[in-house]
Amino acid sequence: MTTHDFKLSRNAFDRLVYTGANGEVHEGVVPVRAFPIGAPDDGLSLVNADGHELAWISRLSDLPDDTRAIVEKELASREFMPEIKRIQRVSSYNAPSTWYVETNRGDASFTLKGEEDIRRIVSTSLLIADSHGVQFLIRDTLALDKASRKILDRFL
């Protein structure tokens, strides 16, 4: 376990405040994941308002519980990438088509403009961009049910 020589807190405006070991204070700090899809809990950077790195965190679990909770809350408020758990149906197998899906955030529907909006991240992970630019993640295509994989195969 790595020890970190900084403190995180929130100011009166609910902005993250970083206080370094030498007493330097930075307001408006932002945590940034190095690998948000492949390894979301490995490699985080705390950057100041100008985008300069203040601290590197190898693993989120290395942080003390209170600091980790602050970082996780901040990340959750900034990140929005619903994960598709099941494809319920599609309006058409030709693009544009409306997809009706079950995600980790509830049921959703979106319009897929074209097959080029489905990108392979790693061998079994896909990122699907809807017509409004919202990114939907399929973490593992092999974990989808048979009907979902059959629909997806028609677009790949």
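Predicted model: local features only at pLDDT ≥ 70, side-chain atom pairs only at ≥ 80, totals over all residues.
The residues lining the largest pocket divide into eight nonpolar, six charged and one polar. The largest pocket holds about 360 Å³ of space. Of its 15 lining residues, the closest to the pocket's centre are Arg33, Pro36, Glu79, Met81 and Arg139.

Which helix gives the most to this lining? Helix H1, residues 65-78, does, with three residues. H1 has 14 residues, and its first and last C-alpha atoms lie 20 Å apart, close to the 20 Å expected at 1.5 Å a residue.

Now look at how H1 sits in the fold. Its buried residues are Thr67, Ile70, Val71, Glu74 and Leu75. They cover an arc of only 130 degrees around the axis, which puts them on the same side of H1. The spacing makes sense: an α-helix has 3.6 residues a turn, so residues three or four places apart point the same way.

Two backbone details are worth a visit. Most residues other than glycine have a negative phi, and most peptide bonds are trans. Aspartate 14, in the loop between S1 and S2, has a positive phi of about 65 degrees although it is not a glycine. At 47% relative accessibility, aspartate 14 counts as partly exposed. The peptide bond from alanine 95 to proline 96 is cis, with omega near 0 degrees. Proline 96 lies in the loop between strand S7 (84-90) and strand S8 (97-103).

Note on methods
Residues numbered from 1 in each chain as written. Heavy atoms only, no water. 1 Å grid on protein atoms, 1.4 Å probe; cavity = no way out; pocket = protein on both sides within 12 Å on 5 of 7 lines; lining within 4 Å. Points joined across faces, edges and corners; volume = space filled by probe spheres on them. Helix = DSSP H or I, 4+ residues; strand = E, 2+ residues; numbered from the N terminus. Nonpolar A, V, L, I, M, F, W, Y, C, P; charged D, E, K, R; others polar. Expected span 1.5 Å × (residues − 1). Buried < 20%, exposed > 50% of the residue type's maximum accessible area, 1.4 Å probe, protein only. Arc of directions from axis to C-beta.
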